[in-house]
Each structure stands twice: as C-alpha cells, then as structure tokens.
Amino acid sequence: EIRALTPETWDLFADLNERMGGLFGGCWCVAFHAERDDHVPGPEGNRAFKKVMVDEGIAHAALVMDGDLAVAWAEYGTPAELPDIHHRKQYDAEKDADPDWRITCIRVDRGRRREGLAEVALRGALELIAAAGGGTVEGYPHDLTDVTKKTSSSWLYNGTRRLYERLGFTYVRPKGLKNCVMTTTVAPLT
C-alpha cells in the first residue's frame, strides 16, 4: 500500500527514519529543501525541520507500507519545494526549463532491500503526482551503466537509471560524475 506523507502519517515516516539511524548521519531527507531561518542544523534539528515542512504541506513523499510499518519512501515536490539538488550549478546551466515535479530521494529500510521496494516507492510517487495534477517529472538517479565497480545500495539515495527506465523515464543528460537527469510526463488523474 502507498500512503502520502502527511501530518497523519508522520509517525510512520519518523519510525522508518529512526530505524535507519536518521539517514546519512541524521539528514531526515531535508538536504534538498530550501534552507530557512527556522532550521537548526543537526539530526534533531533536521527531524524538527522536516516535521514543520510536513505540517505546512511543503514536504511530500510516497510511503510504502507493509501492514502498519513503513518500509520505503520516495520524496517528491516542486522545484520551489526542492531547489537544492546536487550539481545545481551544472544543472541550471544545461536545463531547458524547470519540471513541474522532482523526485529527489528514494530510500528502503536496510532489512528490506533487494525486494523491489524502490520501484514500488517510485511508482507510488508518480501516482501521488498524478493525483496532484500530473505534469513533467524529473528524477536524478545514479547512472551505473558504465560503472565497473559495485556500488553499495545504501548510497543509491535516488535509485538507478535502469529503475527509472523501467518506469518509462527518458534519459536527458549526465549530472555530476555518477548521476543523470531523467524525465517523464505524468497524466493527471481524472
């Protein structure tokens, strides 16, 4: 089941993050959001900042549920909500236009990796985007097509190019050394 991240589902999201150690040293998936004066750096500050943005309706994610437990999620939002993407200077210099939506982070509970849950989370985000009116969606997955060295799944914070291709995204261009820009158009739900 897919559930949207809302104030009502915050505890499910928080539980998943706490089981995963707050992610990357306590990020709480705030790295791509615009910095604000009410953000206190550090794990507890990141948690509080994310909660405020969820309460304000400017932090979105598709939560993958297994019963009453969230086991994965995909963060999405508008460029205004998620402006701080990696390699931003290069991205801005090479873009034609901003998308309607961005997918910036996909995470799966450590104990549930290699079960296809990243794909479930990405599909869930696209479904929620369709319900919100659809539009052009960009993702910035890791491009491992020419990589010979194995990459730990714990560092694949936004899935892989192959994952996005399976869901109909089109490769646009490289972004940084190991990421790329991919796009798709999502029709609104009628």
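Helices α1 and α2 are roughly antiparallel to each other, a label given to angles over 145 degrees, and helices here are DSSP runs of H or I of at least four residues, numbered from the N terminus, as strands are runs of E of at least two. The structure is a predicted model, in which local features need pLDDT of at least 70 and side-chain atom pairs count only at pLDDT 80 or more, whereas totals for chains, interfaces and linings use all residues. Residues are numbered from 1 along each chain as its sequence is written, and side-chain values use heavy atoms, with hydrogens and water left out.

The two helices pack at an angle of about 155°, their axes lying 12 Å apart; axes are lines fitted to C-alpha atoms over the stretch in contact, and angles run from 0 to 180 degrees between N-to-C directions. On the side of α1 the contact (heavy atoms within 4.5 Å) is made by Trp10, Phe13, Ala14 and Glu18, and on the side of α2 by Arg47, Lys50, Lys51 and Val54.

Just after α1, Gly21 adopts a positive phi of about 75°.

Elsewhere, Tyr164 touches Ile103, Ile106, Leu122, Gly139, Tyr140, Pro141, Asn158, Phe169 and Met182, when residues up to four places away in sequence are not counted.

Key: Angles under 35 degrees count as roughly parallel, over 145 as roughly antiparallel, 65 to 115 as roughly perpendicular and the rest as oblique.
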